[in-house]
Amino acid sequence: VGAAGAARPAGAAGAATGSGNASNATTAGAGTAATTSTPSTSAGAGAGAAQNGAGAGAGQNGAAGAPPATMISLKVSADREHLYEDDSKWLCLPGKNELCTTGLDATILRADGSTEVEPHVPAADPSFDCFYVYPTVSNDAGAVADWMAGNEETDCVRAQAGRYSRVCRVFAPLYRQITLTALNGNATPSAADRAQGYDDVIAAFNHYLTHYNQGRGFVLIGHSQGSGVLQRLMAAEIDGRPELRERLIAAHLLGTSVAVPEGKDSGGTYKNIPVCRRDDQTGCVLAYATFRDRSPPPSDSKFGKVASGRAVCANPAALGGGKAVLTPYLKPSQVRGGATIMTPFVSPRDFLEAECVDAGQYTYLELSILHGGMGSLPTDVSADIGANWGLHLIDVHIAMGNLVDLAAKQAA
């Protein structure tokens, strides 16, 4: 089982669960955008008020008695206009959040040999939202996933998005992504297939904006294909719209390559959304791809390089640069050795250290093992699927605690 929870087919290409950033051709990020954005001037009380209770926007967006926020909407194709009104099209949604709030307890391991079970406690009344799009995990037989969520989708969403429920409301739509079957070359997606996942996510995000947002700040979260889809959404729908940028707390786009000009933090993929470099910075993007310190990106690496400029690397544990110790939340199958784990997740402390590195044409998050095998700590992580993929399967997991804490700081 890989980082995203999918069973990995044999072979290097097949092992690439969660692959498909915006620079890779087999992603839903390929194809032509089928939507354009148009603002709506209607008030934001609407259907979302009935579903979310009075004062849902209070906290981050002002007092409960404040005027309703302006509703912002996107143009959605007619066949998708009401698609996400069906709760079965959501894996996590307020009122349907068991997947993102349960099964997340973790065992903390320390170098002194001690262990501690850490229960997962969702936020009772979070002031902001998290909108998550999962990576390539579908094992469906065709080129495009169907609407039936398998274990690979649910396991992935729980592992990558569920822990954010400690600080925010989590929204995680199902979407008809390009499958692992297509990634492995066993099905050939058409241009329409490639556009389908993106168009689904646009419709889901529009439903969130028009029924739930009510002026609240939001964090966008994605990995691999999910990050590629969100990259397109941000470029097409958010970068040029100040009213949406005001609500964008941050984008956490992992396992992908966002471009910036050499020596700059904005002006590449996005004109108006800079790289996150401070914990209190908002309206920014965090991105990285992970490689071991002893195995840097090879010449055929799938990550860490862009066509023009440099790939973004922003370490969630040290946005300003330098080395920092990470707070991982891994599956027991993703570590080697260490204490016996009886919880769904394990969090070895003072175990992983990371630093953003520029090496030739590549910019990436370099991961080192600290104190491996000491006390109750594991000896290593277990997620290698080929040198050109790096530690793609655990891009999110290695810094899960840091990402969640950062979202809370950015939203404060």
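User: In which sense do strand E2 (residues 106-109) and E14 pair, and over how many bridges?

Analyst: In general, strands of a sheet pair through backbone hydrogen bonds, either parallel or antiparallel. Here E2 and E14 pair in the parallel sense, over four bridges. Two strands count as paired if DSSP finds at least two bridges between them; helices (H or I, at least four residues) and strands (E, at least two) are DSSP runs numbered from the N terminus. The model is a predicted one, in which local features need pLDDT of at least 70 and side-chain atom pairs count only at pLDDT 80 or more, while totals for chains, interfaces and linings use all residues. Residues are numbered from 1 along each chain as its sequence is written, and side-chain values use heavy atoms, with hydrogens and water left out.

User: Which residue of E14 stands opposite Thr107, and what is the strand order of the sheet?

Analyst: Val346 in E14 is the residue opposite Thr107. The order is E3-E2-E14, an open sheet of three strands with mixed pairing. Strand E3 (115-118) and strand E14 (345-348) are at the edges with a single partner strand each, so one side of each has no neighbour in the sheet. From one strand to the next the twist averages 25°, where axes are lines fitted to C-alpha atoms (for helices, over the stretch in contact) and angles run from 0 to 180 degrees between N-to-C directions.

User: How many aromatic pairs does the structure hold, and how is the geometry of a pair read?

Analyst: Rings of Phe, Tyr and Trp (its six-membered ring) pair if their centres lie within 6.5 Å; planes under 30 degrees apart are stacked, over 60 edge-to-face, and the rest tilted. The structure holds 14 such pairs. One of them joins Phe131 and Tyr208 in a tilted arrangement, with 6.1 Å centre to centre and 45° between the planes. Phe131 belongs to strand E4 (residues 129-133) and Tyr208 to helix H4 (residues 191-213), so this pair ties together parts 77 residues apart in sequence. Both Phe131 and Tyr208 are buried, where buried means under 20% relative accessible area, exposed over 50%, and partly exposed in between (1.4 Å probe, protein chains only).

A second pair, Phe291 with Tyr364, is edge-to-face, at 5.6 Å centre to centre and 75° between the planes. This pair links distant parts of the chain, 73 residues apart: Phe291 is in strand E10 (residues 290-292) and Tyr364 in strand E16 (residues 362-369). Phe291 is buried at 0% relative accessible area, and Tyr364 is buried at 3%.

User: Which residues form an aromatic cluster, and which charged residue lies over the face of Trp147?

Analyst: One cluster consists of Tyr84, Trp90, Phe131, Trp147, Phe171, Phe205, Tyr208, Tyr212 and Phe218. A charge sits over a ring if NZ of Lys or CZ of Arg is within 6 Å of the ring centre and within 35 degrees of the ring normal. Lys89 lies over the face of Trp147, at 5.0 Å from the ring centre. Arg163 lies over the face of Phe345, at 5.1 Å from the ring centre.

User: How many residues of helix H2 (residues 151-160) are buried, and what do they pack against?

Analyst: Seven of the 10 residues of H2 are buried, and the helix is mostly covered. Among them are Glu152, Glu153, Cys156 and Gln160. The buried residues pack against strand E1 (90-92), E4, strand E5 (169-173), strand E6 (218-223), E14 and helix H7 (400-411), contact meaning heavy atoms within 4.5 Å.

User: How many salt bridges are there, and where do the partners of the pair Asp279 and Lys409 lie?

Analyst: Side chains of opposite charge can pair when their charged atoms come close. With a salt bridge taken as a side-chain nitrogen of Lys or Arg within 4 Å of a carboxyl oxygen of Asp or Glu, the count is 18. In the pair of Asp279 and Lys409, the closest N and O atoms are 3.5 Å apart. Asp279 lies in the loop between strand E8 (259-260) and strand E9 (284-288) and Lys409 in helix H7, so the pair ties together parts 130 residues apart in sequence. Asp279 is partly exposed at 33% relative accessibility, as is Lys409 at 45%.

User: What are the accessibilities of Asp384 and Arg292?

Analyst: Asp384 forms a salt bridge with Arg292, the closest N and O atoms being 2.8 Å apart. Asp384 is partly exposed at 41% relative accessibility, whereas Arg292 is buried at 6%. Both belong to a network of salt bridges that links Arg292, Arg294, Arg336, Asp380 and Asp384.
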